[in-house]
Amino acid sequence: MRSQDEKRDIITTIRMSDKQRKQIQEKADMRRMTMGSYLVYAAVNSKTEFDPVITVHAQNILNIARKLAKKYEPELLAELNEEELGLWCM
């Protein structure tokens, strides 16, 4: 029997496009889950959110690296910018 914290007794409606629904349903099917169960699982277990404090420190480090690259190895700036874009677009 589930504990009070684990009981699923709240119903929520969400809006999405047909394309999003199909993508989510495919991911749920791969895990042999219902769409609702998958959505809850994905939201609760998501690791893609950045901690705001870590984000600030990471940006500060990137800014220092950019200053060093400009001064000592300007040819690395494009690579640094590309990697930074990849980091923030995860």
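**Entry 1**

The model is a predicted one, and I read every value below as computed from it. For Glu84 I found a relative accessible area of 12%, so Glu84 counts as buried as well, the cut-off being under 20%.

I then asked which residue forms a salt bridge with Arg66. The partner is Glu84, and the closest N and O atoms are 2.1 Å apart. Arg66 belongs to helix α3 and Glu84 to helix α4, so this pair ties together parts that lie 18 residues apart in sequence. I noted that helix α4 covers residues 77-88.

Leaving out residues up to four places away in sequence, I listed what Glu84 touches: Gln59, Leu62 and Arg66.

How many salt bridges does a search of the whole structure find? The search finds three. Besides the pair in Entry 1, I looked at Asp18.

Asp18 meets Arg21 in a salt bridge, at 3.5 Å from N to O. These two residues are both in helix α1, three residues apart, which is about one turn of the helix. Asp18 also meets Lys22 in a salt bridge, at 3.1 Å from N to O. Asp18 and Lys22 are four residues apart in helix α1, so about one helical turn separates them.

Asp18 is partly exposed at 44% relative accessibility. Arg21 is partly exposed at 34%, and Lys22 is partly exposed at 44%.

**Entry 2: The length of helix α1**

I wanted to know what span the 13 residues of helix α1 (residues 18-30) should have. After α1 comes Arg32, and I noted its positive phi, near 55°.

**Entry 3: Helix α3**

Helix α3 runs over residues 52-72, and Leu68 is found in it. Leu68 has 47% relative accessibility, so Leu68 counts as partly exposed. Together with Ile64 and Tyr72, Leu68 forms a nonpolar patch on the surface. The accessible area of the three together is about 350 Å².

Val53 is also placed in helix α3. Its relative accessibility is 52%, so Val53 counts as exposed, the cut-off being over 50%. Last, I looked up how Val53 stands to Gln25: they are 28 residues apart in sequence and 34 Å apart in space, C-alpha to C-alpha.

Note on methods
Residues numbered from 1 in each chain as written. Predicted model: local features only at pLDDT ≥ 70, side-chain atom pairs only at ≥ 80, totals over all residues. Heavy atoms only, no water. Contact = heavy atoms within 4.5 Å. Expected span 1.5 Å × (residues − 1). Patch = residues over 30% accessible without salt bridge, like charges linked within 9 Å, V, L, I, M, F, W, Y side chains within 5 Å. Areas by Shrake-Rupley, 256 points an atom, 1.4 Å probe, with all protein chains shown as cover. Salt bridge = Lys/Arg side-chain N within 4 Å of Asp/Glu carboxyl O. Buried < 20%, exposed > 50% of the residue type's maximum accessible area, 1.4 Å probe, protein only.
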